[in-house]
Amino acid sequence: MFLEAEDLVSGYGDAIIVNGASLSMTEGEMVTIIGPNGAGKSTFLKTIVGLLRVRDGHVSFKGEDITDVAADDAIDHGLCFVPQVDNIFPNLTVMENLRMGAWSLDDEAVFEERVSQVYERFPELEDRTETLAGNLSGGQQQMVAMGAGLMLDPDLLILDEPSAGLAPDLVDEMFEKITEINDKGTSILMVEQNARRALAESDRGIVLDMGESRMQGTGAELLESEEVAELYLGT
């Protein structure tokens with residue numbers, strides 16, 4: 001199995017937020033986690049990548065147990081996490097943000113090649129390479145965050161609410177970019193508030209509620225489920 005998180009328990013201080021959640025995905029998939037506010041979705045992602053301690057359960061990636069791997073070491077295993085907020089350095093330029101994303105890359109030729117790949121995916125950024133990231137639009141800042149995340153060529157890109165705060169006309173563009181990244185071979189795991197659109201684009205979806213994984217299925221199956229529509233999609 002490419003990624004497997006089984007019966008994870010985690011939280012903050014004495015508060016247990018994720019309480020027995022599980023997921024599995026195969027290489028090349030795009031998988032979306034949906035659920036109501038406060039379900040523990042972001043906490044689940046942070047636990048998988050090592051930003052929060054696993055209190056119970058285990059995480060494996062590409063056949064290797066990474067349950068106790070620290071977040072900075074998770075990158076070396078091929079995982080990259082793009083958080084919902086504070087995901088760029090606003091006082092650094094676009095290029096400087098990309099260099100920060102490639103912090104462990106010491107081959108300048110490879111760095112330049114990765115920058116070219118990012119600009120190919122996000123051409124809006126190439127003309128703004130010396131612009132402070134904090135002066136960009138919300139959609140462009142999200143592109144910088146994802147571009148920085150791609151600089152180390154991860155096997156799995158983990159996104160927390162990539163369309164949050166974007167104007168409606170930019171949401172479609174963001175999903176197109178994510179789908180393109182997936183089509184080029186990078187597996188995608190994301191939490192997304194725009195559940196209908198995310199499930200429509202995803203191979204599979206997972207419903208998280210009260211810190212537990214309640215349902216799993218293909219994106220189409222969850223979209224067609226009356227229970228999912230009534231409880232989690234607002235109809």
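Modeller: Helices (H or I, at least four residues) and strands (E, at least two) are DSSP runs, numbered from the N terminus. Threonine 186 lies in the loop between two such runs, H7 and S8. This is a predicted model, in which local features need pLDDT of at least 70 and side-chain atom pairs count only at pLDDT 80 or more, while totals for chains, interfaces and linings use all residues. Residues are numbered from 1 along each chain as its sequence is written, and side-chain values use heavy atoms, with hydrogens and water left out.

Colleague: What makes the six strands an open sheet, and what is their order?

Modeller: Two strands pair if DSSP finds at least two bridges between them. The order is S6-S7-S8-S3-S9-S10, and the pairing is mixed. S6 (79–82) and S10 (212–218) each have a single partner strand, so one side of each has no neighbour in the sheet. On average, neighbouring strands here are turned by 15° against each other, direction ignored.

Colleague: How does S9 meet S10?

Modeller: S9 and S10 run antiparallel and share six bridges, and leucine 208 stands opposite serine 213 in S10. Their hairpin has two residues between the strands, and methionine 210 takes a positive phi near 55° there.

Colleague: What makes S9 a mostly covered strand?

Modeller: Six of its six residues are buried. Arg204, Ile206 and Leu208 point one way, Gly205, Val207 and Asp209 the other, and all are buried.

Colleague: Which residues touch the most other members of the largest nonpolar core?

Modeller: A nonpolar core is a set of buried Ala, Val, Leu, Ile, Met, Phe, Trp, Tyr and Cys residues joined through side-chain atoms within 4.5 Å. The largest has 33 residues, and those touching the most other members are Phe122, Leu125, Leu157, Leu159, Ile178, Ile188 and Met190. The elements giving two or more residues to this core include H3 (94–101), H6 (138–150) and H7, and H6 gives the most, with six residues. Isoleucine 178, leaving aside neighbours within four places, is in contact with Met30, Met146, Leu159, Pro162, Ile188 and Met190. A second, separate core has 28 residues, among them Ile48, Val49, Leu156 and Ile206.

Colleague: At what angle do H3 and H6 pack?

Modeller: Axes are lines fitted to C-alpha atoms, for helices over the stretch in contact, and angles run from 0 to 180 degrees between N-to-C directions. On that basis, H3 and H6 pack at about 35°, with axes 7 Å apart. The contact is made by Val94, Asn97, Leu98 and Gly101 of H3 and Val144, Gly147 and Ala148 of H6.

Colleague: What is the order of the four-strand sheet?

Modeller: This open sheet runs S2-S1-S4-S5, with antiparallel pairing. Its edge strands are S2 (15–25) and S5 (64–65), each pairing on one side only. S1 (residues 3–12) and S2 share eight bridges, with valine 9 opposite asparagine 19 in S2. Helix H1 (residues 41–48) packs on this sheet, touching S1, S2 and S4 (56–61), and its direction makes about 115° with that of S1.

Conventions: Buried < 20%, exposed > 50% of the residue type's maximum accessible area, 1.4 Å probe, protein only. Contact = heavy atoms within 4.5 Å.
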